[in-house]
Amino acid sequence: MHKARHSPLNSIAAHGALILWTVIALFPVVVILINSFKTRQAIFREPLALPTGESFSMIGYQTVMKQGDFFLYFQNSMIVTVVSLFLILLFGAMAAFALSEYRFKGNTLMGLYLALGIMIPIRIGTVAILQMMVATGLVNTLTALILVYTAQGLPLAVFILSEFMRQVSDDLKNAGRIDGMSEYAIFFKLVLPLVRPAMATVAVFNMIPIWNDLWFPLILAPSEATKTLTLGSQVFIGQFVTDWNAVLSALSLAILPVLVLYVIFSRQLIRGITSGAVK
Amino acid sequence: MTALSLEKINKSFGDVHVLKDINLTVEPGEFVVFVGPSGCGKSTLLRTIAGLEDASSGTIRIGGKEVTQTPPAKRGIAMVFQSYALYPHLDVTGNMTLGLKQAGETKAVIDERIGVAAKMLSLEAYLKRRPAELSGGQRQRVAIGRAIVRKPELFLFDEPLSNLDAALRMATRVEIARLHRELGASMIYVTHDQTEAMTLADRIVVLRDGRIEQVGSPMELYNDPDNQFVAGFLGAPSMNFLPSEAGGTLGIRPEHLTISATGTLPGTVTHVERLGGDTNLLVETAQGILTVRLFGQHPEKVGDKVVLGYDPGHVYRFDKDGKRLR
């Protein structure tokens, strides 16, 4: 479209940089994937080689399927991630709407307070959180993890979403008010669809750390019934012996659901019916 | 029964006093235009009437009913916004019917009203399109249609033509005037454009710094302004102001200045605007730069020495505070 203004050299340089970045980013993932299909000796002899007829082995996946309750771990991770994301988006968007839409005393202060969480790592409060969970009897439940992840994700969600919601046209919200829509209807039917790309961004930002987290599952919910995938995979890593086939296979499998969620959200990122809303 | 009455409306945002003691009545079927420079409070006044802002004090009545505390949807008003504010995820029909659906109207009523409105605005062919698939002028018509189907007591327009280009603006202006005649509804229209105000209004309300400066028909305001602000705001090119010997100001409309050998204001032409029908001259005199509007085409060019004269009967006198001396 803009051929006249871009020299082919620029184009090549840009693509070169992008390809280089892609290779660097994908390298560890590819290494994990190819080695998960190789025998133990082959992994150590030639870590970068593709599996051949001789070195190909499904032993890792077989171990993973046999050992422990892998599908339960999967399910736990999925429940924790999806429910946390849902709560982060719902409450984050609601708080952001209130902050950006309504004038009230302490609005700025409240915004700052909510943003403070971005700067303070939640893990500092682990001991207190554990005490709270013990006191409320939530230790070894998925609820404990969901609560913690929701609290962890909200500050950034509120921060990003309130910025985007400020950009939604006031006229549009007022038109809704004149047409008799309630504030809830304006929020759910007018504003949320317009900030959908921002919601997807927040979802993606929060999804990966929650899915990959080892810290809180280990401390708050280490029981067999509530183990998440990341925690479950740790059984293959021992102090003296590590079953690398199984670890790599477990990691490969763990990538898949995140990939699916990411594809869903990134479609939202791209699709925008917002154009033509105003002007 | 009046369409709208405002009694002592005040509005403050924190320490900023935006509207000061506004009193106004609008008769049924009247087209009233609020005009004033930006920041004069005209949009805030409109939003207060709509119920999108609460008045700090005062009483608002629409169609005889007090609505000061009533939410916007129940005030019997409809509003057309500068940015159109169409719902992006709904098609034209959806945009126009949302308010009726919220109000719980039956499908028969909705279908009938949308048919009438679509016909009136020539929107029949576009009813299934989304706002993104419409041109600016079509979007504006949908926004007007959304107001019409509600059959409001009072239409509110917030600078509805500002986003249109010049040709479309003229056409839409005529369209709005036609709608006003056909519907016979009361309308309030906010603009900063004095041409829109003069051409559309039954009565113009001139606002400055949150106060009503003067209310009257376009020609009343043009011919008989109460103060220097109103005199200078209406009319294009705007009125010339000269210092008077008494310490006040003299105002002369550009069309009342003439080039005449017997005149009293000698000067040099510094700029000429030839519009075909009119010729505007900027003339530098000892009293400052004056605008002269001559009808027809004239040969004067930059650098020419001219002498300007005027009919003393067409001079407005203002005191030091800008008040008209009659």
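Close-up 1. B:Phe318 lies opposite B:Arg324 of S19(B). This is a predicted model, in which local features need pLDDT of at least 70, side-chain atom pairs count only at pLDDT 80 or more, and totals for chains, interfaces and linings use all residues. Residues are numbered from 1 along each chain as its sequence is written, and chains are lettered from A and ligands numbered from 1 in the order in which they are written. Strand S18 (residues 315-318) of chain B runs antiparallel to S19(B), and two bridges join them. Strands (E, at least two residues) and helices (H or I, at least four residues) are DSSP runs, numbered from the N terminus. Two strands pair if DSSP finds at least two bridges between them. The order S11-S12-S18-S19 describes an open sheet of four strands in chain B, with antiparallel pairing. Its edge strands, each pairing on one side only, are S11 (240-243) and S19 (324-325) of chain B.

Close-up 2. Strand S3 (residues 31-35) of chain B is largely enclosed by the rest of the structure, because five of its five residues are buried. A residue is buried if 20 or more other C-beta atoms lie within 10 Å of its own, exposed if 12 or fewer, and partly exposed in between, with C-beta atoms placed from the backbone. In a regular strand the side chains alternate between the two faces of the sheet. From S3(B), B:Phe31, B:Val33 and B:Val35 point one way, while B:Val32 and B:Phe34 point the other way, and all are buried. S3(B) pairs in the parallel sense with strand S8 (residues 186-191) of chain B over five bridges; there, B:Val190 is the bridge partner of B:Phe34. S3(B) also pairs in the parallel sense with strand S9 (residues 203-208) of chain B, over four bridges, and B:Ile204 of S9(B) stands opposite B:Val33.

**Close-up 3. Helix H3 of chain B and its buried side.** Helix H3 (residues 107-120) of chain B has 14 residues and reaches 20 Å from its first C-alpha to its last, close to the 20 Å expected at 1.5 Å a residue. The expected span of a helix is 1.5 Å times one less than its number of residues. B:Ile114, B:Ala117 and B:Ala118 are the buried residues of H3(B). They cover an arc of only 100 degrees around the axis, which puts them on the same side of H3(B); the arc is that of the directions from the helix axis to the C-beta atoms. Helices H2 (92-102) and H4 (136-148) of chain B are among the elements that cover these buried residues. Exposed residues B:Ala108 and B:Lys119 sit on the face of H3(B) turned away from its buried side. Just after H3(B), B:Ser122 has a positive phi of about 50 degrees.

Close-up 4. The 12 residues of H9(A) should span 16 Å at 1.5 Å a residue, and its end C-alpha atoms are 15 Å apart, which agrees. A:Ile186, A:Leu190, A:Val191 and A:Leu194 are buried in H9(A). They lie on the same side of H9(A), because they cover an arc of only 80 degrees around the axis. The buried residues of H9(A) pack against helix H4 (70-101), helix H7 (142-166) and H8 of chain A.

**Close-up 5. The contact between chains A and B.** Chain A gives 19 residues to the contact and chain B gives 22 residues. Two residues are in contact if their C-beta atoms, placed from the backbone, lie within 7 Å. On the side of chain A that touches chain B, the elements giving two or more residues are helix H8 (170-178) and helix H9 (183-194) of chain A. H8(A) provides the largest share of that side, six residues. By class, the side of chain A that touches chain B has nine nonpolar, six polar and four charged residues. Ala, Val, Leu, Ile, Met, Phe, Trp, Tyr, Cys and Pro count as nonpolar, Asp, Glu, Lys and Arg as charged, and the others, Gly among them, as polar.
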